[in-house]
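Hi,

Here is the model for you to look over. My notes on its cavities follow below.

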Amino acid sequence: MAQNIQGDASGQTPVAASAADDKIRCDACPVMCYIKPGNTGACDRYANRAGELIRVDPHVILDRTLEQGGKVVPFDRGGDWDGRLVADGGTFVTAVGSGTTYPDYKPAPFIVSAEVNGVDMVTVVTEGIFSYAGVKVKIDTDRFLGPEQATVRVAGEPVGHVTTSEYGSQMLSLGGVHHLTGGAKKEGRVTCEALLDLCNAKPVELTVDDGATLIVQAGHAPIVNGGQEERMRVGCGSATIGMFARQWFGKVDEVVVVDDHITGVLSEHQAGKLLGVRDTGIRMKGRRSTPGRYFQVAEPGLGWGGTNISDPLSILGAFDAKAAWPGLRLLLVSTTGEHFGYYVLDENLVPREADIPQDLAPSVERIRENCEPALSSVLFMAGAGGSLRAGVTENPVRLTRSVKEAITRVTCGGAPVYVWPGGGITFMVDVMRVPENAFGYVPTPALVAPIEFTLTLEAYAALGGHMDHVQPVGDILHRDSVREVAPIGDNPWPLSTRSQG
Ligand code: SF4
């Protein structure tokens, strides 16, 4: 029997075309699944419930009264909706669970109006399908994860690469259109799965060619080669000298802070010079950059300070007999304080390990104390500058301009996003600021992510918006498939009428 599901009365959009044998056809993405009664489509987002095409997950609404410890606001808001706008702007309709429209010239699933501080606002809400999507992963560790540009794999499939190291962190760039669509089918499927799990803050095992095996989970400490990372470094070796030189002065004659990037040497460093630290005749391996700062003292690795060394004396040459003296006290320490050794030069100016003096040990502890907890951070990055803009306005470029001019605010599940300068609407969002399980996928393959565009009703009309599809927020709250949740953490309120952040 042919069926023709047109969405519910409140305007929820996914629509289904007709099909035979009680199957209904979902047209919310290019896959166009035929779905049997009681079954879900290929993405598990839509289902056939007794002949009706439904979005399986609840539609997430943010409610500020929950944040303030208030009661869950009843869906009916005290009776029949009278057509007026909600006055306090305390409810925000996110795109999580809202559904998708396809093709994009159809208006977005929900275009919601609300009155905020006397201003009529509109939020255009959709679950966007992003083929141009990936994640940037920041892993707080000094350990060597693999060479820059090395391929990162999941289940043997290439899903991204190692990119530039940042201050105390290693960075990965995963996903993107080339891995999703440009390789073999399996590569695209595995990439999509990995991105989905990372975005939904689930753990994913990654292997780096000629590098480490990692378990990365947003908001959790990374696990590198089976070992859980505890703390990120306090700074590079030179910065560590700058921070702690005064605490070492008088308690030890020389300090070397071992670091894969910039190893610091107290007596040569400007910090030591200003304190009047005596020349010690130390000779370092590696390339001297500026006084007291050495590059490439060893190879990158999983040892001291992100180098491959386990014996710190291996980065020292023989002491200069003209400057060094027997009894010279030497502290070698890594940038996390995780590794340290205390040595005293013997009669032949050879370092001999000794117990660290009691008055010096707290400085190593202080380095550790200043190291922040190591985390894995995942930023979802995608381009909304394409066709989904047509679900907002009949003239898509106007939306791009409006975003760039900060007339339209972009959020992802109510979370603030960073919109890149230049063309298009390329945005990044911290997945930890987005409601849980907000991300989905379709098997094209592509990621599904919530996206909302908020602007004044007046600006929306000027944009060429789909004004005949604007509905008051109360209509959304009446539906039985919504779930009201408190705003997340310190996210700015997306309906704030202050200047765009
Ligand atoms: S993959 Fe999902 S969204 Fe796409 S047609 Fe199938 S059920 Fe609908």
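**Cavities and the ligand site**

The largest cavity is lined by 13 residues, and those nearest its centre are Asp142, Arg143, Gly306, Thr336 and Glu338. A cavity here is a set of points, on a 1 Å grid over the protein atoms alone, where a 1.4 Å probe fits but cannot get out; lining residues have an atom within 4 Å of a point.

This is a predicted model: local features need pLDDT of at least 70, side-chain atom pairs count only at pLDDT 80 or more, and totals for chains, interfaces and linings use all residues. Residues are numbered from 1 along each chain as its sequence is written, and side-chain values use heavy atoms, with hydrogens and water left out.

The volume of the largest cavity is about 100 Å³. Volume means the space filled by probe spheres set on the points, which are joined across faces, edges and corners. The lining has no nonpolar, eight polar and five charged residues. Ala, Val, Leu, Ile, Met, Phe, Trp, Tyr, Cys and Pro count as nonpolar, Asp, Glu, Lys and Arg as charged, and the others, Gly among them, as polar.

The second largest cavity has about 80 Å³. It is also lined by 13 residues, with Cys26, Cys29, Cys33, Cys43 and Tyr46 closest to its centre. By class, that lining has 11 nonpolar, one polar and one charged residues.

Where is the ligand? The space it takes is the second largest cavity. Residues around the ligand (a heavy atom within 4 Å) include Met32, Arg45 and Pro443. That shell has 10 nonpolar, one polar and one charged residues.

Best wishes

Key: 1 Å grid on protein atoms, 1.4 Å probe; cavity = no way out; pocket = protein on both sides within 12 Å on 5 of 7 lines; lining within 4 Å. Sits in = over half its atoms within 2 Å of the grid points.
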